[in-house]
Amino acid sequence: MYMLHSLLSEIKAEFAWSQKGKERGAWFIYTLIAIILPFTSSKTSNLLRTLRTLFGFNRIGRKRYYTFMASSKIPWKAIWVKVWQMIPEPETNGRLLVALDDFINPKTGKKIFACARVFDHAAKENQSRYPWAQNVVSIGLLKVIKGRWACLPLCFRFYHQRKEILGSGKPMEFQSKHQQAVSMIDEVATAFPDADITVVADSWFGNSGMWKPLRERLGKRAHMISRLRANNNLFAKPEARKTGRPGRPRKYGKKIGTPSSLAVKYRNMATEYKVDLYGRERSVYAYDMVIMLKTLKCAVRVLWIYRKTQWLALYSTDLGLSVSEIIEYYGARWKIEALFKELKRDIGSADTQTRNEMAVTNHLDFCMMATTITWVYACKLEKTPNRRHAVHGRKHFAFSDVRRVLAKAALSKDFTILCPPPGKPADNSVINALLRLAA
């Protein structure tokens, strides 16, 4: 209870110290709690009903609360920086692991902000390949929490297609997904000026379109782990230049082949590694070598990972990483897919009925911040939460288990004493809470 109060008090302090600012701060933190509670949807109408029923917000009208949820005066930038700094030990072996990917939110209705016909590469046979949806580019922090990997959302951008911007007539500058991703990563890197940033992404983002602007922004602090395409040309490192030979030194050595052609050659040379992968220790057969990649214009460590009948090739621009670390970090990238499921289904960000720009953006900000606060709370727990629903092959706790523990603390009578809703007296709140605990 006190831990939750401490977390939310730091967020509330970012609001102005006026009467209206204190009121908005209280609405803000209680809205986060209402989203986290596991028995309610994150629709604005349901959140207002939760605030009235569970927390006694009797003086708040529907119109005022809807105006607050669509307000442009919420200091999101300062609050997000505060939340990033609240994450305990965000670095993994001296670096920030940032997962990068995009997802879609299918919608019904024409006048919804950021909606367009988006290609869905994961659509099933009975689903449309081009649904009417919002396309969201998102980054998250990969971190081990109580023995399991988790992805904490850090930032997002709505992707607008160039043709949609030109057709709308609004004064909006087009940004590609790579540009949006670099902009978000740069904001995170500014908040952590002493940490190296390692971006873990799939092959769509792991190319020169992402690597070149990222390196220009962050310099040698930036690194990337991604998957190689099967037809990439690989080159050996250049040989030492003979003294007295005219001309500039070579940047690349001889062409040694493609990942697909070399996979057959190196299969019998693979070594077994014990890696913490997908929740347990697994045996992985891999072969690695340092080569030159012309698409990134730098040296990379390439790993060929062999399964029974298949293989895949990963690369890392950080040559100091071991084979086991590269495999484990790329395997942890899947947690951003779990994050999208937590956001859209567990938290309920896909169920919102908001339509205008500020309401849509604020709602997704609320949902992402509620998810991050939940994981931060899990980091600070003394005991590991118990898994409520047993699943074959899974022994670690789930996101829903942390929500249940946090909800128990938020619904305690002592929490409302320490953090009273607007309109309720706060006199001697700490003394009253201590007396209740002593009784």
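Predicted model: local features only at pLDDT ≥ 70, side-chain atom pairs only at ≥ 80, totals over all residues.

Colleague: Which residues make the contact between α12 and α13?

Modeller: From α12 there are T371, T374, W375, Y377 and A378. From α13 there are F399, V402, R403, V405, L406 and A409. By type, these residues divide into 8 nonpolar, 2 polar and 1 charged.

Colleague: What makes K146 partly exposed?

Modeller: Its relative accessibility is 25%. Buried means under 20% and exposed means over 50%, so K146, falling in between, counts as partly exposed. You will find K146 in the loop between β3 (132-145) and β4 (148-158).

Colleague: And is Y278 buried or exposed?

Modeller: Y278 has 54% relative accessibility. Because exposed means over 50%, Y278 counts as exposed. Y278 sits in the loop between β9 (271-277) and β10 (280-293).

Colleague: What is phi like in K146 and in Y278?

Modeller: Most residues other than glycine have a negative phi. In K146, phi is near 50°, a positive value, and this residue is not a glycine. Y278 is not a glycine either, and its phi is positive at about 55°.

Colleague: How do you know that strand β6 is mostly covered?

Modeller: Count its residues: 5 of the 6 in β6 (residues 222-227) are buried. Each of those has a relative accessible area under 20%.

Colleague: What makes β5 and β6 a pair?

Modeller: Pairing asks for at least two bridges, and β5 (residues 196-201) is joined to β6 over 4 bridges, in the parallel sense. For a place to look, find I197, which stands opposite A222 in β6.

Colleague: Which residues have the most contacts inside the largest nonpolar core?

Modeller: Those are F28 and W304, in a core of 135 residues. Helix α12 gives the most to this core, with 13 residues.

Colleague: What does W304 touch, leaving out residues up to four places away in sequence?

Modeller: Among its partners are L234, P259, L262, Y266, Y285, M289 and W311. Touching here means heavy atoms within 4.5 Å.

Definitions and conventions: Residues numbered from 1 in each chain as written. Heavy atoms only, no water. Helix = DSSP H or I, 4+ residues; strand = E, 2+ residues; numbered from the N terminus. Nonpolar A, V, L, I, M, F, W, Y, C, P; charged D, E, K, R; others polar. Core = buried A, V, L, I, M, F, W, Y, C linked by side-chain atoms within 4.5 Å. Buried < 20%, exposed > 50% of the residue type's maximum accessible area, 1.4 Å probe, protein only.
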